[in-house]
Amino acid sequence: MGGYLGKNMINLFGTIIEAPTISSSIFLELTLESVAKRNDERNILRDFLTPRLEEIISQSQVEVSSFSDLDASRPQAIEFYVAQAKFSGVFENLVLKVISQDKTFASSSTASQILSGQKSPQLPSTFPGDHKKAEAIIFGSLSSSVGAKEINEFLLRKIVKQRIQDIAKDMFLGINRGLNAAESVSLLNVLYDLDKIKTADAVPQSGYKEVIINSLKNHQPIPIVHIKSIRFTYPGGNHLQVIENTQPTTQPSVGGGHRCYPSEDIIFTRLSHFRDTLKRHGVESELTVIVSDHDLSYCFPENQKIVPPEEVYNATDSVRAYLDIIRHQFPNQKTFSLTEFLEYNSLDQKYSQTFDNLVFQGEGGGGQHLTEKVLEMRVNGQYEHYSEMFGNYTRDLARYTAIRQIANVLALSVVFESFSSTPLLVIDTRGFEDRLIGGLNPKSVAKFFTKLKDPVEVIK
């Protein structure tokens with residue numbers, strides 16, 4: 001009755017139902033007409049998409065290949081091929097063909113007359129009913145002809161079209177913010193390349209896009225911020241050492257194993273590549289790296305019993321040495337400890353008051369900015385993580401540390417608000433904690449999540 005002949009083609013009763021090849025200019029033009037009304041908007045999209053369509057199709061094919069349940073999309077695929085048949089006029093011809101070739105239909109001769117090109121034959125009263133029955137036959141036959149290959153083709157078209165629609169939305173976002181055609185193309189170029197290295201969606205998703213748009217519109221560099229953790233290591237599970245450089249190192253861990261800390265040079269290389277991506281498309285940037293030295297007092301308070309107190313004291317000197325190394329190795333960025341940044345910008349008192357208020361809320365069970373549920377999730381994560389590294393880690397210390405670490409990331413709004421324009425935070429994703437960074441004033445920062453650091457390898 002029917003079968004798959006190749007991409008976009010179904011043979012039904014000897015009639016080919018065919019859609020334009022997905023890589024063809026016809027497919028692109030039809031899609032552009034569906035997403036953009038104005039010629040100038042379609043021109044921007046066409047110029048941007050034409051050299052990238054094959055790449056978009058390839059990326060979409062990878063996505064389709066990851067689908068485990070094709071049958072779930074079968075009804076939608078059938079609807080697509082029916083719509084394609086109706087759009088091209090094939091469906092109506094098939095209906096008339098079925099009626100004309102089956103003499104059990106009372107209006108068989110009428111259908112034959114229409115197919116032969118006779119003008120406006122008199123339609124018998126039986127024609128509407130016959131037409132409906134023939135439609136059902138065609139629909140059933142077409143449905144049985146839609147198998148895995150057709151579903152794959154449908155999904156590929158759907159994903160490619162959605163990708164083009166998303167690109168169009170980015171274009172409209174820029175145009176609505178006042179970008180001209182050239183600036184809109186620059187925006188699409190930047191966002192397209194950044195999408196390749198994005199590891200999680202920002203909240204809100206348009207935050208980093210707005211920052212890039214403002215930079216293009218105002219011809220001003222983007223302030224990029226990276227919050228950097230201290231390189232803590234825990235030799236043997238009962239000592240503390242801060243690595244004073246960016247080189248890889250291996251330390252003995254609890255139970256006789258080892259923890260291998262990778263080189264951190266890759267972090268700064270990836271940050272540099274991120275800036276190069278912006279610059280390649282006409283967007284300048286300035287990078288500020290802030291090392292979160294406050295974590296030392298949160299993780300190892302005066303009353304802790306897991307490492308010798310003198311090692312905590314020595315770690316302070318190691319943090320200063322680490323900062324000096326980073327400044328020397330990577331001079332094309334501004335590097336501060338959090339303490340230095342706050343003091344340099346006369347924000348230490350404001351930050352301290354904000355932080356203390358958030359800690360008070362946390363110790364009271366959550367508060368406006370810190371729910372008990374989120375707090376308990378963080379405490380659990382803290383306890384599980386550090387129990388792997390220390391033989392005598394306690395849940396009380398996990399709670400003490402978690403409250404202060406969350407208060408710190410919420411209070412980073414004080415840091416972000418000090419920039420002359422909204423900064424772009426470039427950082428590895430931290431799961432549910434992504435929302436907390438600068439969460440005291442979410443509008444103070446835009447976030448872009450990408451892979452910067454390599455993971456610690458645990459050898460047991």
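This is a predicted model: local features need pLDDT of at least 70, side-chain atom pairs count only at pLDDT 80 or more; totals for chains, interfaces and linings use all residues.
Rings of Phe, Tyr and Trp (its six-membered ring) pair if their centres lie within 6.5 Å; planes under 30 degrees apart count as stacked, over 60 as edge-to-face and the rest as tilted. Numbering runs from 1 along each chain as its sequence is written, and side-chain values use heavy atoms, with hydrogens and water left out.

Searching the whole structure turns up 21 aromatic pairs. In one of them, the ring centres of Tyr351 and Phe355 are 5.8 Å apart with planes at 20°, so this pair is stacked. About one helical turn separates Tyr351 and Phe355, because they sit 4 residues apart in helix α15 (residues 348-363); helices (H or I, at least four residues) and strands (E, at least two) are DSSP runs, numbered from the N terminus. Tyr351 counts as buried at 4% relative accessibility, as does Phe355 at 11%. Here buried means under 20% relative accessible area, exposed over 50% and partly exposed in between (1.4 Å probe, protein chains only). Tyr386 and Tyr393 make another stacked pair, 5.4 Å centre to centre with 25° between the planes, and both of these tyrosines are buried.

## Nonpolar cores

A nonpolar core is a set of buried Ala, Val, Leu, Ile, Met, Phe, Trp, Tyr and Cys residues joined through side-chain atoms within 4.5 Å. The largest has 88 residues, and Ile212 and Phe300 touch the most other members. Helix α17 (residues 395-411) gives the most to this core, with 9 residues. Apart from it lies another core, of 47 residues, including Leu32, Val35, Ile56 and Ile78.

Leaving aside neighbours within four places in sequence, Phe300 is in contact (heavy atoms within 4.5 Å) with Phe232, Tyr234, Leu240, Ile306, Val307, Val312 and Phe390.

On a 1 Å grid over the protein atoms alone, a cavity is a set of points where a 1.4 Å probe fits but cannot get out, and a pocket is an open set with protein on both sides within 12 Å along at least five of seven lines; lining residues have an atom within 4 Å of a point. Grid points are joined across faces, edges and corners, and a volume is the space filled by probe spheres set on the points.

The largest pocket holds about 1,300 Å³. Among its 40 lining residues, Ser229, His385, Tyr386, Arg430 and Lys453 are the closest to its centre. Helix α16 (372-387) supplies the largest share of this lining, 5 residues. The second largest pocket has a volume of about 580 Å³, and of its 23 lining residues Arg163, Asp166, Ile167, Asp195 and Lys198 lie nearest the centre. Here α8 gives the most, with 8 residues.

## A cavity

The whole structure has 1 cavity of 30 Å³ or more. About 40 Å³ of space lies in the largest cavity, which is lined by Lys198, Asp201, Ala202, Gln205, Tyr208 and Lys209.
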